[in-house]
Amino acid sequence: MEMSRERFEELVGEALDEVPEELLGLMNNVVILVEDDPPPGESELLGLYEGYALTDRGWDYAGVLPDRIFIYRHPILRICDNDEDVIDEVAVTVVHEIAHHFGIDDARLHALGWG
């Protein structure tokens, strides 16, 4: 599947627009980034959350760099057959990684159908 980076970034933005405003308002000190490829050795990784989940932040959480959510373009495009598949996969990946920011682990996300 081929898709320009610009179009892919638009899809990430559209996926974020679908997240309820109440949840987006609760996100704190996090940035969402689009990268072409995941770290070496992680070629199947579609997204990644790096940081301190809201549930892990204590009274001493201060002065840290923003958490980062990465959405990886090439792996998503590799598993998709058409634009509709990409739209769906981007939406699932965005929700999945945002859920990690809220402290929801992979097992729970898979049980909820967001794996």
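I took helices (H or I, at least four residues) and strands (E, at least two) as DSSP runs, numbered from the N terminus.

This is a predicted model: local features need pLDDT of at least 70 and side-chain atom pairs pLDDT 80 or more, while totals for chains, interfaces and linings use all residues. Residues are numbered from 1 along each chain as its sequence is written, and side-chain values use heavy atoms, without hydrogens and water.

**H4 itself.** I noted 19 residues and a reach of 27 Å from first C-alpha to last, close to the 27 Å expected; the expected span is 1.5 Å times one less than the number of residues. Its buried residues include Val86, Glu89, Val90, Thr93 and Val94. At the start of H4, a side-chain oxygen of Asn82 comes to within 3.1 Å of the backbone nitrogen of Glu84. Just after H4, Gly103 has a positive phi of about 90°.

I checked Ile76 for contacts (heavy atoms within 4.5 Å). Leaving aside neighbours within four places in sequence, Ile76 contacts Phe8, Leu46, Ile71, Val86, Glu89, Val90 and Thr93.

**Strands.** In S3, 5 of 6 residues are buried. I count strands as paired if DSSP finds at least two bridges between them. S1 and S3 run parallel over 6 bridges, and Glu35 has Tyr72 in S3 as its bridge partner. S2 and S3 are antiparallel over 4 bridges, with Leu48 opposite Phe70.

**Rings.** I paired rings of Phe, Tyr and Trp (its six-membered ring) with centres within 6.5 Å, calling planes under 30 degrees apart stacked, over 60 edge-to-face and the rest tilted. The count is 2 aromatic pairs. Tyr52 and Tyr61 are edge-to-face, at 6.2 Å centre to centre and 70° between planes. Phe70 and Tyr72 are stacked, at 6.0 Å and 5°. Phe70 is buried at 8% relative accessible area, and Tyr72 is buried at 3%.

Notes:
Buried < 20%, exposed > 50% of the residue type's maximum accessible area, 1.4 Å probe, protein only. Polar contact = N/O pair within 3.5 Å; in protein donor to acceptor, adjacent residues only side chain to side chain.
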